[in-house]
Every structure is written in C-alpha cells, then in structure tokens.
Amino acid sequence: MIPRLTTLCAALALTGAAVQAEPSLDRGRYLVEGPAGCGNCHTPMGPDGPVMAQNLGGRLVEKNPAFTAIAPNITPAGAIADWTDAELVRAIREGLRPDGSLIGPPMPFAMYRGLSDDDVMSMVLYLRSVPAVDNDPGQSSYNIPLPPAYGPPVESVPHPEQGVSVAYGAYLAGPVAHCMECHTPMGEKGPMLDSRLGAGGFEFHGPWGTSVASNLTSHEDGLAGYTDAELADMITKGMRPGGAPMMPPMPYGYLAQMSSDDLAAVIMYLRSLPALPDEG
C-alpha cells in the first residue's frame, strides 16, 4: 500500500475501538447516493445530469488513447447479481472480479481499500436493494498494461469513530468520497499520495471541456483564502465565492447529501493538509 495511505489507514484503525456503525441499508443508501457518489460514474448521464430512471445502470465514463472505461450496471440486473456478497466486497475494495480479472481505472481502489467492513457491507446491502435497470453499457478496454493486483488482499478494516474530527474527515475524504485521489497529481504509478497529497492539477476532459482538480492543501495556492462556509458551498453546490459555477466531474449533487457533521469533518481534515504549492 502507498506509504501515506498506509499511515492514514493505521490512524483510522486506532480510532476504531469506539465503533458507532454496523452494516445497514440506511447507511448504504447514504454512502452510495451521498458522499461516495457511485452514480457519478455508474448512472447514465443526460443533458441535465444523471438519468435517475436508470440509476446505477452503467455508462461510458472515459474514452482516451489509453483506455475506454465503462462503469458497469451495478443494479440487480447487472453482472453483480451472480456474485456473492464477499465477491462484491472484494471487487469494490480490491478491484478483482470473481474470475480473478482486474477492474481497470478510473475506479479509485487506492482509496476504496480503506473502506471499513461495516461500510462496504452497507453499500452491498443497498446495491442489492435498488431497482433493477435493464441496461448493458458494454465492456471496458485497455491499451495499457494493468498490474496483477492493486495490493495485497484486504483482510479487515475497522470502522472509525464517527464525529467532527480530522480522523473521520480523512476517512470521508479518502476511502468514502475519494476526494484525495482526484485532487492529487498523477504519477507513473497512479496518484502521488505519498508526496503530493491533495495538491491538485489532474485534468478531466469531457463534453464541458477541460477541468483541473483544485489544490486542496492549506497553501495559498489551495484553500488558504477561503472560509469554511465558502468551502461548504464549493463542495456541495459547485459554486465559487461570487457565484461563479464550478465544472464537472465533481459530484456536487451527491456531496450535497452529506450530513452537516460529515461536511464539517471533511473541511476540518482539508484544513489539516500540509501546504503544497501548485506544480509548475
């Protein structure tokens, strides 16, 4: 596991003694339709945003010279219907299908490996309950070599203590919402979580044009000039101070479902990130 992420997961494990969650359908709904924002990739997109009549039915996510990434149908009508709960957990956290094949990018496995056992099982419970969507989005294809695995098997991850804290904010911004993967520069082996955590700069290309992930650190190139209220509006409304709209693919509609405490914990964590300047 990447060093910085190893440290994060170790810190979360230390807070796991006071477990305040267990697998539940309500928790799974909150995560999938809220901060985890699974539908941002797995729900077909129309001109006005996600097509909720086909929620989680799969879609083309990215097409470039390196790969064509298609998020599969993860409703009970998709391939996961034939997978056991343990197989689905392994696919989410480790990127390995039941047949041993690897799920390719951009699924954020560097983050999802840290999902607690309770939370990932809650997500599975919810995915089993959503309406079946009859949609076959196709198969991904890769013109780049994929590794045999993204890391060693994930045995067990304790649930962190929930609350407005840096530690829980790290869990939400990391394993749950994977903010830190999109907002960290990419190196040859993936996001540079060990050296450039949260420094931004990654480019996203889509129908809207090109958007660049912002620097989330406490540097003046990052969040130093924003108030907590301004950050909350940027995260949940996609609105900069002064009213200028922000660009996709950040899942503002999903992040808007976060509880006020969870949002406060995320902002507290972002404030704690060491200051790193923009590259270049």
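Where is Ala 77 found? Ala 77 sits in the loop between strand E4 (67-71) and H4, where helices (H or I, at least four residues) and strands (E, at least two) are DSSP runs, numbered from the N terminus. The structure is a predicted model, in which local features need pLDDT of at least 70 and side-chain atom pairs count only at pLDDT 80 or more, while totals for chains, interfaces and linings use all residues. Residues are numbered from 1 along each chain as its sequence is written, and side-chain values use heavy atoms, with hydrogens and water left out.

**Confidence**
- The chain has a mean pLDDT of 91, and 92% of its residues reach 70 or more; pLDDT is the predictor's confidence in each residue, from 0 to 100.
- For residues 1-19 the pLDDT is below 50, and this stretch has 28 contacts in the model beyond near neighbours in sequence; contact means heavy atoms within 4.5 Å.

**Back to Ala 77**
- Ala 77 counts as partly exposed, at 44% relative accessibility; buried means under 20% relative accessible area, exposed over 50%, and partly exposed in between (1.4 Å probe, protein chains only).
- Leaving out residues up to four places away in sequence, Ala 77 touches Ala 132, Val 133 and Asp 134.
- Gly 57 is 20 residues from Ala 77 in sequence, and their C-alpha atoms are 8.4 Å apart in space.

**Helix H4 and its buried residues**
- Leu 88, Val 89, Ala 91, Ile 92, Arg 93 and Glu 94 are the buried residues of H4.
- The cover over these buried residues includes helix H5 (109-112) and helix H6 (117-129).
- Arg 93 belongs to helix H4 (residues 85-94) and counts as buried because its relative accessibility is 5%.
- The side chains of Arg 93 and Asp 117 are joined by a polar contact of 2.9 Å; such a contact is a pair of N or O atoms within 3.5 Å, and within protein one must be able to donate a hydrogen and the other to accept it, while residues adjacent in sequence count only if both atoms are side-chain atoms.
- Apart from its neighbours within four places in sequence, Arg 93 is in contact with several residues, among them Phe 109, Tyr 112, Val 120 and Val 157.
- Glu 94 also lies in helix H4, and its relative accessible area of 8% makes it buried.
- A polar atom of the Glu 94 side chain lies 3.1 Å from the backbone nitrogen of Val 154.
- Not counting residues up to four places away in sequence, Glu 94 touches residues including Leu 102, Tyr 150 and Pro 152.

**Backbone details to look for**
- Pro 105 and Pro 106 are joined by a cis peptide bond with omega of about 15°, and Pro 106 is in the loop between H4 and H5.
- Another cis peptide bond runs from Pro 248 to Pro 249, with omega near 10°; Pro 249 is in the loop between helix H9 (228-237) and helix H10 (252-255).
- Leu 56 is not a glycine, yet it has a positive phi of about 70°.
- This leucine, Leu 56, lies in the loop between strand E2 (49-50) and strand E3 (59-63) and is buried, with a relative accessible area of 0%.
- His 178, not a glycine either, has a positive phi of about 45°.
- The loop between H7 and helix H8 (179-182) holds His 178, which is buried, with a relative accessible area of 16%.
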